[in-house]
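Subject: Structure handover

Hello,

Here is the structure I promised to pass on. Please open it first, then read the notes below.

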Amino acid sequence: MAKTGDRILLVENDPDISDFIARQTLQSVGYQVEVASDSATAIKKSLQHPPDLIIADLNLPTLTAKDLLYALTSQGMDTPLLIIAHKGQEHDVIQAFRLGATDYILWPAREAEILAAVERALKRVHDAREKQRLHEQLGEMNRELQRKVQELTAILNLGKAVISITDQRILLQKIVEGAVQAVNATMAYLLLRAPESKSFLLAAQTGLPEGWAKKINSPLDDGVSSLVAISGETLEVAGDPLLKFKIASLGKSVCVVPIKVQREVIGILVVIRKEIQPFSKTEQTLLEAVADYASIALVHERLFRALNETVRASKEAQKRQSAAFEQFRSVMAEEVRAAVHSIDFLLTGMPGILNDEQKQTLHSVRMALQRLSNSAEKTLPPLAQVKNK
């Protein structure tokens with residue numbers, strides 16, 4: 001059955017044969033047929049508007065159907081060619097097949113024979129096109145899969161970096177490199193808000209030209225980051241609208257993503273492509289995920305710094321407490337020694353003779369003081385031990 005859109009070029013100088021094949025047989029069932037009376041015209045028409053099938057008579061004047069095959073092949077065309085042969089031209093048919101002819105029609109032929117030959121030839125065309133379409137589709141699916149693997153690999157590596165790297169400078173560098181890898185960009189940089197002001201400083205970059213890269217740890221005004229800092233929303237700009245901003249000197253497509261902690265913009269991630277290739281919604285989502293990793297890393301760094309301060313303060317407080325305990329123990333030990341010495345003096349009997357009950361009382365007091373001294377020695381650790389912890 002004819003398919004709408006199938007175009008056939010008939011190369012035939014016999015008007016009777018041409019009318020029978022073109023008008024009566026092919027056009028009547030829906031094929032679009034164009035007729036050329038010689039090979040030169042056929043070659044010109046084929047190059048201008050390649051047909052789906054060429055039907056050529058072996059008995060063409062000047063340039064034969066075999067010459068037509070040569071010419072089309074030399075031009076890199078692979079349009080199938082169906083030849084019309086007459087009785088006694090079997091040898092020419094074989095040569096035509098060797099040159100690449102698809103099929104042949106032995107003239108005179110009936111309409112059914114012509115249609116059958118045309119449908120066989122066009123079926124090969126349709127099958128080849130479908131195969132090519134599937135091949136291209138598979139190729140695109142493979143490329144898309146590779147892009148997804150690249151994106152996931154970049155995100156996974158960032159996740160590992162956030163967990164394992166404590167050096168903020170190294171971690172921020174990993175983040176900008178991961179952003180470039182995730183969306184196949186040209187360059188990227190990350191701005192952090194200075195604690196003492198509202199300006200944003202260049203904290204990390206990859207791919208920036210020297211004039212921009214040397215602004216590391218300094219304020220950087222690219223014209224677009226300030227807008228994102230105010231809005232707190234991702235901004236994607238490409239092409240002519242970008243020309244009004246300073247960042248246009250770096251590339252033609254830009255995606256600017258805020259780095260936020262509880263709705264507060266503490267940093268900005270900027271990713272750039274040199275060519276006009278707008279960042280898709282999926283790529284913007286990926287970059288927002290990268291920005292979330294940056295936010296997590298910055299929060300972790302803040303918490304780690306606060307924890308260290310708390311630990312240092314706790315150690316200082318413990319040292320002060322231990323020093324007070326040491327002083328108390330020293331004073332108490334001195335007082336106990338003094339009391340024991342007095343009791344020992346009384347027990348010698350030198351101040352006066354003591355009765356048994358008094359001696360027993362003094363002995364009890366002396367033993368109690370000794371136990372108190374020993375208990376203090378065990379309970380309160382020496383200051384040197386505290387310092388070594």
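A residue counts as exposed when its relative accessible area is over 50%, as buried when under 20%, and as partly exposed in between. Asparagine 184 has 55% relative accessibility, so it counts as exposed. Please keep in mind throughout that this is a predicted model.

**Overview**

The chain has eleven helices and ten strands. It runs to 389 residues, and 38% of them are buried. Take the contacts with a separation of 6 or more: 60% of these involve residues 24 or more positions apart. The chain exposes about 23,100 Å², with 55% of that area coming from carbon and sulfur atoms.

**Strand 10 and its partners**

Start with strand 10, residues 264-273. Nine of its ten residues are buried, so the rest of the structure largely encloses this strand. Strand 6 (residues 187-193) runs antiparallel to strand 10, and six bridges join the two. Leucine 190 has leucine 269 of strand 10 as its bridge partner.

Strand 9 (residues 253-261) is also antiparallel to strand 10, joined by nine bridges. Here valine 256 stands opposite valine 270. Strands 9 and 10 form a hairpin with two residues between them. Glutamine 262 sits in that turn, with a positive phi of about 50°.

**Helix 3**

Which residues of helix 3 are buried? They are Ala65, Leu68, Leu69, Ala71 and Leu72. These residues cover an arc of only 165° around the axis, so they are on the same side of helix 3. They pack against several elements, including strand 1 (7-11), helix 2 (39-48) and strand 3 (53-57). Strand 4 (81-86) and helix 4 are also among those packing partners. The face turned away from the buried side carries the exposed residues Tyr70, Thr73 and Ser74. Just after helix 3 comes glycine 76, with a positive phi of about 80°.

**Backbone points to check**

Most residues other than glycine have a negative phi, and most peptide bonds are trans. Some places here depart from that.

- Asparagine 184 has a positive phi of about 55°. Asparagine 184 is in the loop between helix 6 (168-183) and strand 6.
- Asparagine 217 has a positive phi of about 65° and is not a glycine either. The loop between helix 7 (210-213) and helix 8 (225-231) holds asparagine 217. With 59% relative accessibility, asparagine 217 counts as exposed.
- The peptide bond from tryptophan 107 to proline 108 is cis, with omega near 5°. Proline 108 is in the loop between strand 5 (103-107) and helix 5 (111-164).

**Salt bridges**

How many salt bridges does a search of the whole structure find? It finds eleven. Among them are the following.

- Arginine 23 and aspartate 19 meet at 2.7 Å, N to O. Both lie in helix 1 (residues 15-26), four residues apart, about one turn of the helix. Arginine 23 is partly exposed at 46%. Aspartate 19 is partly exposed too, at 28%.
- Aspartate 103 pairs with arginine 120, with the closest N and O atoms 2.9 Å apart. This pair links distant parts of the chain: aspartate 103 is in strand 5 and arginine 120 in helix 5, 17 residues apart. Aspartate 103 has a relative accessible area of 11%, so it is buried. Arginine 120, at 42%, counts as partly exposed.
- Arginine 133 and glutamate 130 meet at 2.6 Å, N to O. Both lie in helix 5, three residues apart, about one turn of the helix. Arginine 133 is partly exposed at 41%, and glutamate 130 counts as partly exposed at 34%.

**Two last items**

Phe97, Tyr104 and Leu106 form a nonpolar patch on the surface, with about 260 Å² of accessible area together. Phenylalanine 97 lies in helix 4 (residues 90-99). Its relative accessible area is 34%, so phenylalanine 97 is partly exposed.

Arginine 366 is in helix 10 (residues 356-379). It is partly exposed, with a relative accessible area of 26%. Arginine 337 is 29 residues away in sequence, and the two C-alpha atoms are 9.9 Å apart in space.

Best wishes

How values were computed
Residues numbered from 1 in each chain as written. Predicted model: local features only at pLDDT ≥ 70, side-chain atom pairs only at ≥ 80, totals over all residues. Heavy atoms only, no water. Patch = residues over 30% accessible without salt bridge, like charges linked within 9 Å, V, L, I, M, F, W, Y side chains within 5 Å. Areas by Shrake-Rupley, 256 points an atom, 1.4 Å probe, with all protein chains shown as cover. Salt bridge = Lys/Arg side-chain N within 4 Å of Asp/Glu carboxyl O. Buried < 20%, exposed > 50% of the residue type's maximum accessible area, 1.4 Å probe, protein only. Pairing = 2+ DSSP bridges. Arc of directions from axis to C-beta. Contact = heavy atoms within 4.5 Å.
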